[in-house]
Amino acid sequence: MTVTDRTTALPEALSEPLSGALHGPVIDWFDAHARDLPWRRPEAGAWGVMVSEFMLQQTPVSRVLPVYEQWLARWPRPADLAAEPPGEAVRAWGRLGYPRRALRLHAAATAITELHGGEVPSDHAKLLALPGVGEYTAAAVASFAYGQRHAVLDTNVRRVFARAVSGAQYPPNATTAAERKLARALLPESEPVAARWAAATMELGALVCTARTPDCGRCPIAGRCAWRAAGSPAHDGPPRRGQTYAGTDRQVRGKLLAVLREALEPVPQVALDAVWDEPVQRARALDGLVADGLVEPLADGTYRLPLG
């Protein structure tokens, strides 16, 4: 049976005693071991939670923390960010990677300002309608900022569920309908408990049930883990995608953006040419940045971060 087959079969077979037996130990562990992160503090508010969720996508907490603090100090409300050109969001994004997230966060801030009176909406459907906000981010903001009951499925949570319930070392490469169904089946009925469960399973995956070296000795549900009970079988699904960076267009894009972020005036082509020797790849990367709206070419042949 493949990973997908196992996961698909589970929601029908999942018993209430099993799901209930997981909630208490995981939430108790979280209460004792959760990291003190600024977006978890009450003063962060819904905007602080939203900013953190955009920044944390595919980026570790250690890299996010300093940028997050600077961002909220400069733009404590969505309207503050919306009042600035989108290029300033790209500039402030620094080296977090995947800089289109900065443009999407700026677009979301603009929509919040124009459509919701500057307040991040609490309604899940309204969150989902914001630019750049997908199913995961809408569920995360509704859950973490407003204490609602939603299945919040990031990479860490998916891995915990794959191991503890599905008996697989890793979840599928892309989130499946079966995983969403399983996550909903595992949700506690109480809204506050469900919100705590969402945060707790995410933290468990980040700190204990890690991808490469899970620390099962510290896991509060090791005795109930289906993967351990099965003898910790090796992954039998499609090969897991590794992330490469050196020599890729992503690296070139990052080098080009670094020049533009540091410049207060439009940058001539020669300054961009200096950061990468291979002209075809450099041109392709620059064209991609322009197409993504991250860079604006000007009539005189110079480039700048976007103003409009």
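Here is a quick tour of some cores, helix contacts and ring pairs in this structure. The model is predicted, so local features need pLDDT of at least 70 and side-chain atom pairs count only at pLDDT 80 or more, while totals for chains, interfaces and linings use all residues. Residues are numbered from 1 along each chain as its sequence is written, and side-chain values use heavy atoms, with hydrogens and water left out.

**The nonpolar cores**

- The largest nonpolar core has 52 residues, and W47, M50, M55, W71 and L105 touch the most other members. A core here is a set of buried Ala, Val, Leu, Ile, Met, Phe, Trp, Tyr and Cys residues joined through side-chain atoms within 4.5 Å. Buried means under 20% relative accessible area, exposed means over 50%, and partly exposed is in between (1.4 Å probe, protein chains only).
- Helices α3 (45-56), α4, α6, α7 (100-115), α9 (135-146), α14 (249-262) and α16 (279-291) each give this core at least two residues. Helices (H or I, at least four residues) and strands (E, at least two) are DSSP runs, numbered from the N terminus.
- Leaving out residues up to four places away in sequence, L105 touches W47, M50, V51, F54, W71, L81 and W93. Contact means heavy atoms within 4.5 Å.
- There's also a second, separate core of 30 residues, with L22, I27, W29 and A183 among them.

**Where α4 meets α6**

- The axes of α4 (residues 61-74) and α6 (residues 86-93) come within 10 Å and cross at roughly 150°. Axes are lines fitted to C-alpha atoms, for helices over the stretch in contact, and angles run from 0 to 180 degrees between N-to-C directions.
- On the α4 side you'll find V67, W71 and R74, which meet E88, A89, A92 and W93 of α6.
- Sorted by class, this contact has five nonpolar, no polar and two charged residues. Ala, Val, Leu, Ile, Met, Phe, Trp, Tyr, Cys and Pro count as nonpolar, Asp, Glu, Lys and Arg as charged, and the others, Gly among them, as polar.
- E88 counts as buried, at 17% relative accessibility. Not counting residues up to four places away in sequence, E88 touches R74 and W75.
- The C-alpha atoms of E88 and P306 are separated by 8.1 Å, though the two residues are 218 residues apart along the chain.

**A tryptophan cluster**

- The model has four aromatic pairs. Rings of Phe, Tyr and Trp (its six-membered ring) pair if their centres lie within 6.5 Å; planes under 30 degrees apart count as stacked, over 60 as edge-to-face and the rest as tilted.
- W71 and W75 pair edge-to-face, 4.6 Å centre to centre with 75° between the planes.
- W71 and W93 also pair edge-to-face, at 5.7 Å centre to centre and 80° between the planes. W71 lies in α4 and W93 in α6, so this pair ties together parts that are 22 residues apart in sequence.
- Ring pairs link W71, W75 and W93 into a cluster. W71 is buried, with a relative accessible area of 2%, W75 is buried at 1%, and W93 is buried as well.

**One side of α11**

- In α11 (residues 177-186), the buried residues include A178, E179, L182, A183 and L186. They sit on the same side of α11 because they cover an arc of only 140° around the axis, going by the directions from the helix axis to the C-beta atoms.

**Two loop residues with positive phi**

- Q58, in the loop between α3 and α4, has a phi near 65°, a positive value in a residue other than glycine. Q58 is exposed, at 54% relative accessibility.
- Y98, in the loop between α6 and α7, isn't a glycine either, yet has a positive phi of about 45°. Y98 is partly exposed, with a relative accessible area of 26%.
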